[in-house]
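My entries are below the view.

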Amino acid sequence: MDFLITVLLLLVCLLISNIISHYIPILPTALTQIAFGIIIALIFKNISVEIETEWFLLLFVAPLLYNDGRHFPREELWKQRASIFGNAIILVLITTIGGGYFIHWMIPAMPLAAAFALAAILSPTDPVAVNGIAKRIHIPEKILNLVRGESLINDASGLVAFNYAVAAVVTGYFSLREALVNFTYMFLAGAILGVILGLLVTWIRFILRKQGINDVTFHSLLQIMTPFIIFMITEELLHASGVIAVVVAGIVHSLVKERTETMLAEEQVLTENIWSIVLFILNGVVFLLLGLNIPSSMIESVANPAYGNWLIIGYVLAIGIIILGIRFVWSYIFSYYEYRSGKTKDVAKPNLKTSLLTSLTGVRGAVTMAGVLSIPFIVTGGKAFPERSLILFIAAGVILFTLIVATVFLPMLVKGEPAEGETGDHLDLKEAKRRILLAAIKKIRLEMNEENEAIAYELIDEYKIMFQQIQPEQNSLEQGTVVYQQKLREIRLLSLKVERKYIHNVMEKNGMDEAIFEIFEKSLDLREEALSNNGRSSAMYLIGKVIREWRRIRSHFRKKDKETRLAKLKLGRVIQLKSFQTALENLEGMAKEYERPDIVYAVISDYKVMISRLKRPTARYNEKNDEQKEELRLKVMEIERSEIHKMYEAGDIDREQARELRRFVNYIETVTLHEHVE
């Protein structure tokens, strides 16, 4: 039960951290998650998550790397093959050896093999953390592709080197010859098994489909389970590298998917959605676990009389600088070599700024944390793993250090560059979305007739909500949101006054009894209160609305005075309809003179929806309405796709923006056409 509560707490913190990152975009989500982990550890003293090495690699590393393989950037890899493979293999080796000797020299109490293990696990980069920073600043595409490409391979090479170094610490035995032979076997055997097992899973799925087992949920689950199965078979049965196997299997899957993705479209969409949830949880939980383990490792490190507080912080800073420094020197030397050799086309002259950008994007993250948390507690003979808590603290500190350095200095280096989403003469993606939504609303108005009027207004309201969710940029926030909402509220309050005046006139002429008048007055008071700029009054309005709806349903089944009640209800509906029409006429007159007629028309649209519903009170919901709405929405989607094509042909948007907009429309279409099947 305690473990379940811990998992739920981590998931809640994961959600909250993403909400915070939305409101504070300058702060990477990973840093927020680490902070939450630290807070949890400090508040809940009894919470601890200890996972065995094999389980940690299986639960976190296998699916993360398999997903990297599924999105194998082949074109970018081939264009930048020399840089990517150089960073992924040679730089990892240099970082492991150079960093290991430096760590052992700086901390003599840490055995050389343990120092190599720490340096090896600090060598893989994390594109997830970099992407979080890249969302708010413009990082050159070439550098981003380099980080994404190298992370696919250096995760595997770094973890293999790390596992071998840890094994050397645990067993106390190390032979360079045996290490090279074993490393080669693990690497090659893992790659071969990845190909074989990846093809085997594909063949099994093909056979199952031939047997008539075509359930998309079943096949999606089989795909999600694939990395776990491959990792266990490779590691437990053949003692090869499960890390390499899942990466290669992911690449095999991506190659096969290209030939089948259109034939298995529903399965692909479902699988990708499931993977997005799995990866969202795994990446977030790893950083939460990192923060969760920082206080305990810090306490153990501080408690060690050999190390002072400032000394271990100095270790973190020194190792972080060395790790990034090695990457910086390697990037400059390798770019200079490429430029001088002339083997690669379109290679710019090396400069310090590009090399510095490349080094700072080498943020450490999920794989580093997943690996370091898998370090065993004891070695052969029953002794404690040497300096485990210090290694854990240094790894966590270096991850934090690289994240903070990238967060602070990358924006400075790319200052003046166009922000992400700005593509020269092309429209901003948000503006393009606003255009297609406006085209959709225009199409709905053209298709509107007496029969589908109520449905059309409902659909217009949906598109208006989507339009409002696509907020303008921060510098125009006040003009686009605050002022607009204030004027909208003022016009609605004026319309309520017109309604109230009409109701009072009818009452003065004895056109209704006291009971109906009181109902109208209370309703108008509640609507006016809901329009006030007050969160409490809005909440009270919603609660009151639920209570009134319950009373309405309960009174519907009462037979007492049914005829009298129906007569009053009919009279009240007629009066309310006329009050709405009076308010509508007033608004139409106001629209001709008001400074912002678009705001008045928004309120006019609301009143037309209410009038349409009152005219057809029995048609709250029926199958015909649903069919009309679906048909109208599908017509609108054709206009949206046509608008996207026009913008692309006119050069207003580029190819990638057009694809993103089509996905935006396709998501709506998928929801419209989806039918729940038991």
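These are my notes, in the order I looked things up.

Before anything else, I noted that this is a predicted model.

**Salt bridges.** I got a count of 6 salt bridges. I started with Arg434, which pairs with Glu431 at 3.1 Å between the closest N and O atoms. Both sit in helix α17 (residues 429–447), 3 residues apart, about one turn of the helix. I checked the cover too: Arg434 has 17% relative accessibility, so it counts as buried, while Glu431, at 29%, counts as partly exposed.

Next I went to Lys635 and Glu447, whose side chains meet in a salt bridge at 3.4 Å, N to O. This pair links distant parts of the chain, with Lys635 in helix α24 (residues 623–649) and Glu447 in helix α17, 188 residues apart. Lys635 is partly exposed at 41%, and so is Glu447 at 23%.

Shared partners join Lys443, Glu447 and Lys635 into one network.

**Helix pairs.** I looked at α13 (residues 309–341) and α16 (residues 388–413): their axes come within 9 Å and cross at roughly 55 degrees. That makes α13 oblique to α16, and I noted the crossing as right-handed.

For α6 (residues 112–121) and α8 (residues 141–171) I got about 160 degrees, axes 8 Å apart. So α6 runs roughly antiparallel to α8, with a left-handed crossing.

**Surface patch.** Last, I found Ile19, Tyr23, Ile24, Ile26 and Leu27 forming a nonpolar surface patch, about 520 Å² of accessible area together. I placed Leu27 in the loop between α1 (2–23) and α2 (29–43); Leu27 is partly exposed at 33% relative accessible area.

Conventions:
Residues are numbered from 1 along each chain as its sequence is written. This is a predicted model: local features need pLDDT of at least 70, side-chain atom pairs count only at pLDDT 80 or more; totals for chains, interfaces and linings use all residues. Side-chain values use heavy atoms; hydrogens and water are left out. Patches are made of residues with over 30% relative accessible area and no salt bridge: like charges are joined within 9 Å, nonpolar side chains (Val, Leu, Ile, Met, Phe, Trp, Tyr) within 5 Å. Accessible areas come from the Shrake-Rupley method with a 1.4 Å probe; for residues, only the protein chains shown count as cover. A salt bridge is a side-chain nitrogen of Lys or Arg within 4 Å of a carboxyl oxygen of Asp or Glu. Helices (H or I, at least four residues) and strands (E, at least two) are DSSP runs, numbered from the N terminus. Buried means under 20% relative accessible area, exposed over 50%, partly exposed in between (1.4 Å probe, protein chains only). Axes are lines fitted to C-alpha atoms, for helices over the stretch in contact, and angles run from 0 to 180 degrees between N-to-C directions. Angles under 35 degrees count as roughly parallel, over 145 as roughly antiparallel, 65 to 115 as roughly perpendicular and the rest as oblique. A crossing is left-handed if the near helix is turned anticlockwise from the far one by less than a right angle, and right-handed if clockwise.
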